[in-house]
Amino acid sequence: MGRHFLQIPGPTNVPDRVLRAIAQPTIDHRGPEFARLTGEVLERLKGVFMTSGPVVCYPSSGTGAWEAALVNTLSPGDKVVAFETGHFSTLWCELAARLGLVVDVVPGDWRHAADPAALADRLSPDVAAVMVVHNETSTGVRSPVPDIREALDRAGHPALLLVDTISSLGSMEYRHDDWGVDVTVGCSQKGLMLPPGMGFNAVSEKALAHRGRLPRSYWDWDPIIEANRRGFFPYTPPTNLMYGLREALIMLEEEGLEAVFARHDRHAEATRRAVRGWGLEVLCADERAYSSSLTAVVLPDGHDADAVRRLILERYDMSLGTGLGRLAGRVFRIGHLGHFNDLMLAGTLSGVEMGLAAAGVPIKEGGARAALAYLEGSEGSAGLEVAE
C-alpha cells in the first residue's frame, strides 16, 4: 500500500500536472495548433539551456542526442579528446569510436571531476572536439565546464566543446552560451520531469558552421531547424510529450531556475550529511565536484550494494540506482532531482537507513536525523511562503 518511491537518478517522478498535460488528446502534428505549441516549447527550452541559439528536439533517449552531437559536427577519422569520469562518459567514448572517430581518452578514477589542466598536452592541431559529461550520472561527480572552455581558449585551440547535461539540465546551474559550449546534450526524463522519449541538442553558431562528413539522416540538424521555423518537424514528433514538456517548462519558470538550483543544492547537502552520519562514504572524493542531483554511496567491503537495493525495494517499495560498470555491487545511488521536496527526501533517507540496518550493513544511528536537522535549519526549508 502507499506510493512507490522512485529514487533512481532518472527517470524521475513525473508531476501530476505534467501527466495531465500528456493525457490530452493527440492533435494533428501538421496543423496550426501544433505549430503554436512547437514555437512555445522551443522558445521556453532556450531558457533552460540558457542559450539564444537553436535547440533541436528528437524523439530519442539521451544516447540518440549523444550521436546527433557527433554526426552533425565531425568527420570520419577526426580526433576527439574525451574525459573519462564514469560509466556514461565511457559509453559516449565507445559510441564515438564506433562512428569512426579517433578517441583520445583522458583517464579518470571515477571519483574526481575532469581536470582541465590535462588538456594542455592533448590539444594537438588534429583535435576536432573535446567531450565532457557535466554531471556523471553513475558517480555523482560534476565537472567544471567553464574551466575546460577556459583551457581551450588559453591554448587558442578551435576544437568544439561538446557537453552532456543529461542529469544536470534543469537541476544544476548550466549556461550554454556563457560557458562557450558548442553542443549541449540533454534529455527529458531527469530534471525536466518527463517520461523518457525526448533528446535535445543546444547548438552554437560555431557548431552550425562546422558541419562534418559523418553520415546522418534522422539526426541531421538542418531539416529539423528548417521545419522548426514553421512550427513543425521533418518526422512525426512525440506530440503528447511536447504537451508535457511545455507544462514542465512552465513549472520550472514558476519556481525560477535559481530557486530550482538552490533546492537541488539543499537536498544534495542534506543527503551527504545523512551518508556521513551513517559512517559511510560518498563516492565523489572532492567536495568541489559534488553533484546536486544524485549521491553515490560506497558500501563497506563485504557488503553487496545490489543486495541492499533489493531488500529496500522488496521491504519498503523504494527504487535506488544501481552501481554501473566498475562500480557494480559497490555503490548505490540516491536520486534527489526533479519533482522533489523536503518530505520526499525525508522519506527516502529514512527508507535507506532502515534498509541498511536490515541488510546488516554496519552504520551509525542518526544519519537521517542529521539530514533533517540541516533541512530544518537551512534557508528556504519551507519552500513556500505562508499566506496570512
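Colleague: Let's start with a single residue. Where does Glu-84 lie?

Modeller: Glu-84 sits in the loop between strand 3 (79-83) and helix 4 (87-98). Keep in mind that we are reading a predicted model.

Colleague: Is Glu-84 buried or exposed?

Modeller: The way to read this is by relative accessible area, where under 20% means buried. Glu-84 has a relative accessible area of 14%, so it counts as buried.

Colleague: Which side chains make polar contacts with the side chain of Glu-84?

Modeller: For a polar contact, look for a pair of N or O atoms within 3.5 Å. The side chain of Glu-84 has such a contact with that of Trp-110, at 2.8 Å. Another, also given as 2.8 Å, joins the side chains of Glu-84 and Arg-326.

Colleague: Let's step back to the whole chain. How many helices and strands are there?

Modeller: The chain has 12 helices and 14 strands. Its radius of gyration is 21 Å, close to the 21 Å that the globule rule gives for 388 residues, so the chain is as compact as a globular protein of that length. The C-alpha atoms fill a box of roughly 60 × 55 × 40 Å along the principal axes.

Colleague: What share of the residues is buried, and what do the contacts say about sequence separation?

Modeller: Of the 388 residues, 57% count as buried. If you take contacts between residues at least 6 apart in sequence, 74% of them join residues at least 24 apart.

Colleague: Now a strand. How should I read the side chains along it?

Modeller: In a regular strand, side chains alternate between the two faces of the sheet. In strand 12, Leu-294, Ala-296 and Val-298 point one way, while Thr-295 and Val-297 point the other way.

Colleague: Why is strand 12 described as largely enclosed?

Modeller: Because 5 of the 5 residues of strand 12 (residues 294-298) are buried, the strand is largely enclosed by the rest of the structure.

Colleague: Which strands are joined to strand 12 by bridges?

Modeller: Strand 11 (residues 281-282) runs antiparallel to strand 12 and is joined to it by 2 bridges; Glu-281 has Val-298 as its bridge partner. Strand 14 (residues 331-335) is also antiparallel to strand 12, with 5 bridges between them. Within that pairing, Thr-295 stands opposite Ile-334.

Colleague: On to helix 10. What covers its buried residues?

Modeller: The cover includes strand 13 (318-322), strand 14 and helix 11 (342-358). The buried residues themselves are Ala-305, Asp-306, Val-308, Leu-311 and Ile-312. Helix 10 (residues 305-316) has 12 residues and reaches 16 Å from first C-alpha to last, close to the 16 Å expected at 1.5 Å a residue.

Colleague: Which residue caps the N-terminal end of helix 3?

Modeller: Ser-61 does, through a side-chain oxygen 3.2 Å from the backbone nitrogen of Thr-63. In helix 3 (residues 62-71), 8 of the 10 residues are buried, so this helix is largely enclosed by the rest of the structure. Among them are Trp-66, Leu-70 and Val-71.

Conventions
Residues are numbered from 1 along each chain as its sequence is written. This is a predicted model: local features need pLDDT of at least 70, side-chain atom pairs count only at pLDDT 80 or more; totals for chains, interfaces and linings use all residues. Side-chain values use heavy atoms; hydrogens and water are left out. Buried means under 20% relative accessible area, exposed over 50%, partly exposed in between (1.4 Å probe, protein chains only). Helices (H or I, at least four residues) and strands (E, at least two) are DSSP runs, numbered from the N terminus. Two strands pair if DSSP finds at least two bridges between them. The expected span of a helix is 1.5 Å times one less than its number of residues. Contact means heavy atoms within 4.5 Å. A polar contact is a pair of N or O atoms within 3.5 Å; within protein, one must be able to donate a hydrogen and the other to accept it, and residues adjacent in sequence count only if both atoms are side-chain atoms. The radius of gyration is taken over C-alpha atoms; the globule rule is 2.2 Å times the number of residues to the power 0.38.
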